[in-house]
Amino acid sequence: MRIKRILITGASGQIGSVLTEALVIKYGKQNVIVTDINKPSHDLAKFEILNILDKERLLSLIDQYQITEIYHLAALLSAKGEQNPLFTWELNMNGLFNVLEAAREKNIDRIFYPSSIAIYGDRTPRIDTPQDTVFNPSTVYGMSKLAGEHWCAYYHKRFGLDIRSLRYPGIVSYQSLPGGGTTDYAVEIFHYAIKGDHYTCYLKDDTRLPMMYIPDAIRATLSLMEAPSEKINERGSYNLSGMDFTPKELVAEIQKNIPDFTTDYAPDFRQAIADSWSDSIDDSAARNDWGWSPNYDLESMTKDMILNLKKKIKTALPSTKQIVKEL
Ligand code: AKB
């Protein structure tokens with residue numbers, strides 16, 4: 001067995017920064033290389049600039065650091081992706097092809113590829129969406145993730161690459177902000193609530209979406225990547241469920257902790273995207289194959305988010321409301 005040396009693409013994003021920390025704790029700083037087009041805000045691991053469309057640079061980093069595993073997180077998400085559909089397709093697909101081909105050429109032991117609830121569409125069963133069902137994604141991001149799942153399964157079958165994948169729901173985290181997704185409101189809202197600001201939500205108050213707290217997302221990712229190969233029966237991507245809630249339910253939960261928090265609703269183009277996604281997910285394949293089970297529900301996540309974000313925001317600038325209050 002070779003020493004595990006991990007390369008993360010898109011490491012400066014919402015999941016990448018927390019995943020980096022977890023992998024550094026597990027495998028040591030010297031064995032984790034983080035890459036992105038933007039420098040991360042932390043210094044947890046060695047950083048190298050990498051545009052995932054630059055395959056030669058990817059190949060040379062694999063050689064330079066004797067990489068054995070890749071977590072390929074670089075992608076444009078659902079909302080931002082709609083602003084430039086063709087570039088989103090190019091980045092998400094050619095980025096994946098570069099990783100798959102580099103993995104084949106350089107004998108990479110294992111790859112992680114995140115898929116998403118964005119692969120579901122308005123013909124997908126909405127409640128307890130099954131592992132295998134109708135998929136008619138409404139965004140270029142969703143189309144690219146669904147195609148990506150098929151390519152991962154193909155590379156596994158055809159070339160024996162050990163690729164593993166999860167269909168992440170919306171991820172809620174305090175460590176970093178999401179960038180360009182439809183589920184981002186569920187993170188933004190906490191920042192407003194804690195600063196004492198009013199929040200205008202871009203989704204309707206009754207829009208139910210599958211969500212997950214970041215510690216569960218990281219634990220799911222590491223559990224999947226550590227599971228013995230014979231336990232991985234799904235080589236496209238696994239359905240993954242944490243919790244589901246509407247903006248109204250999240251607001252009510254936040255108000256239990258911050259009673260004078262106020263919101264209103266002004267749906268924009270992201271409403272149609274959210275309306276095409278599922279309410280809840282059946283993740284029994286992940287539970288049965290590699291023992292998945294989430295730890296956090298809406299109540300425990302909200303408490304933990306507020307606690308941790310308060311600690312973080314203490315050092316940040318005060319809100320306008322606070323400045324006026326203090327006059
Ligand atoms: C998005 O909203 O685009 C992402 C996702 C669900 O994949 N958070």
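So, strands β2 and β3: in this predicted model, β2 and β3, the latter covering residues 46-49, run parallel and are joined by four bridges. One place to look is Val34, which stands opposite Phe47 in β3.

Now turn to the other neighbour of β2. Strand β1, residues 6-9, is also parallel to β2, and here there are three bridges. If you want a residue pair to click on, Ile6 has Val32 of β2 as its bridge partner.

Are its residues buried or exposed? Five of its five residues are buried, so to speak the strand is mostly covered. In a regular strand, side chains alternate between the two faces of the sheet. Here, Val32, Val34 and Asp36 point one way, while Ile33 and Thr35 point the other way, and all are buried.

Next, for those of you who like pockets. The largest pocket holds about 970 Å³ of space. Several elements give two or more residues to its lining, among them α1 (14-27), our strand β2 (32-36), α4 (85-105) and β7 (170-172). In total, 41 residues line the pocket, and those nearest its centre are Gly13, Leu73, Ala75, Leu77 and Gly179. What is the make-up of the lining by class? There are 20 nonpolar residues, 17 polar ones and four charged ones.

And where does this pocket sit relative to the domains? Domain 1 (6-169 + 213-239) and domain 2 (172-210 + 242-278 + 295-312) both contribute lining residues, so the pocket lies between them.

Last stop, Tyr174. You'll find Tyr174 in the loop between β7 and α6 (185-195). Its relative accessible area is 19%, and buried means under 20%, so Tyr174 counts as buried. For a sense of distance, take Tyr174 and Gln30, which are 144 residues apart along the chain: their C-alpha atoms are separated by 26 Å.

Methods: Residues numbered from 1 in each chain as written. Predicted model: local features only at pLDDT ≥ 70, side-chain atom pairs only at ≥ 80, totals over all residues. Heavy atoms only, no water. 1 Å grid on protein atoms, 1.4 Å probe; cavity = no way out; pocket = protein on both sides within 12 Å on 5 of 7 lines; lining within 4 Å. Points joined across faces, edges and corners; volume = space filled by probe spheres on them. Nonpolar A, V, L, I, M, F, W, Y, C, P; charged D, E, K, R; others polar. Domains from an automatic or database assignment. Buried < 20%, exposed > 50% of the residue type's maximum accessible area, 1.4 Å probe, protein only. Pairing = 2+ DSSP bridges.
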